[in-house]
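Student: I would like to go through the labels used for this structure and ask what each one rests on. Please show me the sequence and the model.

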Amino acid sequence: MKQPLQIRFLGMAPSDAVETAARKKADKLDMVCPDIMSCRVSIEQTHKHQHQGRPFAVRVDVTLPDHELVVDRVHDEDVYVALREAFDDMRRQLEDAVRRRRGQEKLHPVPLHGEVVRFGDEGQCGYIRTPDGDEYYFGAENVAGVPFEHLQLGTEVQFIPEVAAQGRQAKRVSIGKHGVG
């Protein structure tokens, strides 16, 4: 971190133990993204809620060379739980920022399209053929959106392909082409 960590306590007395916990968690953020410019942590004990005690609210602001990340609205009656959750959320945001910088956006599987060509195992599985002629096995548990029993021979479906030890399999099978035309 280029600038010293800033920790503010609001609505409560400063605590050396809480400050030490926050510093340890902030040090771990540096391992995820070493070019953090600054980190500011606000720990607030909010007003008493009618049915609960006095929860703690934690906010973490991290400044990077090209933008700022914020985690807010993390509340818990245990200050250490609120700290952990806030810093876990910030770590995930930093990991995403590092991936974006490296051009490693999360890739989502590209769905394939095909039609149901046969059923097996006493009606508890089926096979899909793609326009390329490849066949994919799917079980009743892989059908999404409608009951397995609603599928018929010739039903057009969309699915996520996977290759397993048993061969080609279809996951998240749903009816229709979903915008393919």
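Tutor: This is a predicted model. We can start with Arg-92, which has 41% relative accessibility and counts as partly exposed.

Student: Why is Arg-92 called partly exposed?

Tutor: The buried class ends under 20% and the exposed class begins over 50%. Arg-92 has 41% relative accessibility, so it counts as partly exposed. Asp-89, at 28%, is also partly exposed.

Student: What makes the contact between Asp-89 and Arg-92 a salt bridge?

Tutor: The rule asks for a side-chain nitrogen of Lys or Arg within 4 Å of a carboxyl oxygen of Asp or Glu. For the side chains of Asp-89 and Arg-92 the N to O distance is 2.4 Å, so the pair qualifies. Both residues belong to helix 2 and are three residues apart, which means about one helical turn separates them.

Student: How many salt bridges does this rule give?

Tutor: The count comes to 12. Another of them pairs Arg-118 with Glu-135, with the closest N and O atoms 2.7 Å apart. This pair links distant parts of the chain, since Arg-118 is in strand 5 (residues 112-120) and Glu-135 in strand 7 (residues 135-139), 17 residues apart. Arg-118 has a relative accessible area of 37% and is partly exposed; Glu-135, with 24%, is partly exposed.

Student: What makes the approach of Ser-42 to Arg-8 a polar contact?

Tutor: A pair of N or O atoms must lie within 3.5 Å. The contact joining the side chains of Ser-42 and Arg-8 is 3.4 Å. Leaving aside neighbours within four places in sequence, Ser-42 is in contact with Arg-8, Ala-57, Val-58 and Arg-59.

Student: How do you know that strand 2 pairs with strand 1 and strand 3?

Tutor: Pairing requires at least two bridges. Strand 1 (residues 6-10) and strand 2 have five bridges in the parallel sense, and strand 2 and strand 3 (residues 56-63) have eight in the antiparallel sense. Ile-7 stands opposite Val-41 in strand 2, and Val-41 stands opposite Val-60 in strand 3.

Student: Which strands are the edge strands of the sheet?

Tutor: Four strands form an open sheet in the order 1-2-3-4, with mixed pairing. Strand 1 and strand 4 (68-76) are the edge strands, as each pairs on one side only. The twist averages 10 degrees from one strand to the next. Helix 1 packs on the sheet, touching strand 1, strand 2 and strand 3, and its direction makes about 140 degrees with that of strand 1. Helix 2 (residues 79-101) lies across strand 2, strand 3 and strand 4 and runs at about 150 degrees to strand 4.

How values were computed. Residues numbered from 1 in each chain as written. Predicted model: local features only at pLDDT ≥ 70, side-chain atom pairs only at ≥ 80, totals over all residues. Heavy atoms only, no water. Helix = DSSP H or I, 4+ residues; strand = E, 2+ residues; numbered from the N terminus. Axes fitted to C-alpha atoms, helices over the stretch in contact; angles between N-to-C directions. Contact = heavy atoms within 4.5 Å. Polar contact = N/O pair within 3.5 Å; in protein donor to acceptor, adjacent residues only side chain to side chain. Buried < 20%, exposed > 50% of the residue type's maximum accessible area, 1.4 Å probe, protein only.
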